Amino acid sequence: MAAPEIIPAPPADAPLRLLLVKLKHIGDALLLTPTLVAIRARYPKAEIWVVVRKGTESILAGCRAIDRLLTVAPPEADKRGAGALWHDTRVWRELRRQRFDYAFELTDGDRGRWLAGMSAARHRCVNVSRYRLNLWWKCWFNRTAHSLWVNGHRVEKDFHAVGDFLPLGDEIPPLCFAQDRAVEPDIIRGRGDYVVIHPVTRWKKKRWPKEHWFVLCRALLKRTKTIIVSCGPDEEERAFAAELVAELGADRALNVDGCLDWAGLAGILYRARLFVGVDTAAMHLAAACQCPIVTFFAISVVSQWSPWKVRHETLSLHDRMSYDDMVRLGAPEVMLRLTPEMALAAVDRLMRPAADS
């Protein structure tokens with residue numbers, strides 16, 4: 001078998017045209033930003049295009065490394081009709097016209113491979129250490145890497161998926177949502193002493209028990225003037241946030257009611273003393289804003305999804321039992337065993353001083 005072709009890395013001043021495709025959830029999109037920042041630092045003249053699934057793009061508004069951001073239809077069948085298919089085809093045709101130097105497939109799925117592999121980029125790159133290519137896709141990718149990523153953080157996965165082909169250095173940057181792109185909402189005007197909690201997620205297996213939240217929040221109000229309750233626009237999330245605010249009192253707990261965009265939430269997080277929440281995109285945004293974090297993990301693998309390069313404590317049972325044992329126990333019981341007392345101890349270790357009002 002012939003040895004693989006050794007292709008020299010492009011010089012740092014090369015005006016590269018780069019495409020990165022990552023069609024995953026909102027938090028996954030934000031986890032791409034350290035790689036984008038590293039590319040921009042190494043190749044300041046590069047033109048960087050990113051394709052994500054529709055509904056995730058706004059969390060990338062704080063990353064100035066992106067030159068062009070495109071979206072394709074979400075994967076849910078009920079959200080993809082003929083119009084969505086036509087839109088995705090137009091996106092693919094636009095990408096083919098660009099004649100990129102490099103296209104990176106970061107989705108590990110057929111839709112991402114379709115866009116990156118058939119983009120007509122000179123170098124069409126994919127990692128095959130876990131998700132192998134069948135004969136069809138082998139025809140469309142001409143650069144493959146085998147770096148193992150399963151046990152690493154998902155930030156590292158993206159970084160090395162690009163770094164296997166472009167030298168990005170050894171130091172991976174933090175998550176990025178630039179402070180000058182954050183928006184300070186009216187809800188925090190004149191407030192410098194508050195904690196943000198994000199108690200809900202549409203993933204039921206990641207939820208911490210309601211009663212635990214009540215206990216923890218009452219204790220938090222002895223340590224801060226105000227709690228700001230963050231949630232998404234989902235009706236169930238909003239209902240729980242409203243119930244929590246009613247329990248704590250509207251004079252001490254403020255509800256964003258799912259109305260903030262990511263820039264608005266970033267504006268809150270940059271000044272917050274602490275973020276306390278479940279494993280969700282809001283947690284990763286707190287990391288991007290360098291807000292200290294206390295977070296709860298049920299069965300998700302902490303090493304892959306924990307807050308990246310920010311002061312934090314992750315509460316889980318991973319150090320007490322095996323993954324298989326946690327699966328048998330079930331996510332609700334796992335979360336029940338993460339007590340308010342455990343969370344409060346972490347709060348006292350991490351909460352930073354109040355900002356000036």
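Analyst: We'll go through the sheets, then a helix pair, then the pocket and cavities. Keep in mind that this is a predicted model.

User: Let's begin with a sheet. What is the strand order in the open sheet that contains S1?

Analyst: When you read a sheet, write down the strand order and the direction of pairing. Here the 6 strands of this open sheet run in the order S3-S2-S1-S4-S5-S6, and the pairing is parallel. At the edges you find S3 (68-72) and S6 (143-145), each pairing on one side only. Ignoring direction, neighbouring strands are turned by 20° against each other on average.

User: How many bridges join S1 to S2?

Analyst: There are 5, joining S1 (residues 17-21) to S2 (residues 47-53), and the two strands run parallel. To find your place on screen, look for Leu18, which stands opposite Ile48 in S2.

User: What joins S7 to S8, and what lies across them?

Analyst: Parallel strands S7 (residues 194-198) and S8 (residues 226-229) are joined by 4 bridges. A handy landmark is Val195, opposite Ile227 in S8.

User: On to helix pairs. At what angle do H7 and H14 cross?

Analyst: With two helices, take the axis distance, the angle and the handedness, and then look at the side chains. The axes of H7 (residues 210-220) and H14 (residues 340-350) come within 9 Å and cross at roughly 35°. H7 passes H14 in a right-handed crossing. On the H7 side, the contact is made by His212, Val215, Leu216, Ala219 and Leu220. H14 brings Pro340, Ala343, Leu344 and Val347. By class, that contact has 8 nonpolar residues, 1 polar and no charged ones.

User: Now the empty spaces. How do you find them at all?

Analyst: Rolling a probe the size of a water molecule over the atoms shows where empty space is left. In this model, the largest pocket has a volume of about 1,400 Å³. Its lining takes in 47 residues, and the closest to its centre are His25, Ile26, Arg202, Trp203 and Thr280.

User: Which helix gives the most to that pocket's lining?

Analyst: That's H1, with 4 residues. The elements giving two or more residues are H1 (26-31), H9 (262-269), H10 (281-288) and H11 (302-305). By class, the pocket lining has 19 nonpolar, 14 polar and 14 charged residues.

User: And how many cavities of 30 Å³ or more does the structure hold?

Analyst: It holds 2. The largest cavity has about 40 Å³ of space. Its lining residues are Lys22, Lys24, Asp28, Leu106, Asp108, Arg154, Lys157, Asp158 and Trp305. They divide into 2 nonpolar, no polar and 7 charged. Helix H6 (residues 154-163) gives the most to this lining, with 3 residues.

User: What lines the second largest cavity?

Analyst: About 30 Å³ of space lies in that one, and the residues around it are Glu105, Leu106, Asp108, Val126, Asn127, Trp149, Lys157 and Ala161. S5 (123-127) and H6 are the elements that give two or more residues to this lining. By class, the lining has 4 nonpolar, 1 polar and 3 charged residues.

Technical notes
Residues are numbered from 1 along each chain as its sequence is written. This is a predicted model: local features need pLDDT of at least 70, side-chain atom pairs count only at pLDDT 80 or more; totals for chains, interfaces and linings use all residues. Side-chain values use heavy atoms; hydrogens and water are left out. Axes are lines fitted to C-alpha atoms, for helices over the stretch in contact, and angles run from 0 to 180 degrees between N-to-C directions. A crossing is left-handed if the near helix is turned anticlockwise from the far one by less than a right angle, and right-handed if clockwise. Contact means heavy atoms within 4.5 Å. Ala, Val, Leu, Ile, Met, Phe, Trp, Tyr, Cys and Pro count as nonpolar, Asp, Glu, Lys and Arg as charged, and the others, Gly among them, as polar. On a 1 Å grid over the protein atoms alone, a cavity is a set of points where a 1.4 Å probe fits but cannot get out, and a pocket is an open set with protein on both sides within 12 Å along at least five of seven lines; lining residues have an atom within 4 Å of a point. Grid points are joined across faces, edges and corners, and a volume is the space filled by probe spheres set on the points. Two strands pair if DSSP finds at least two bridges between them.
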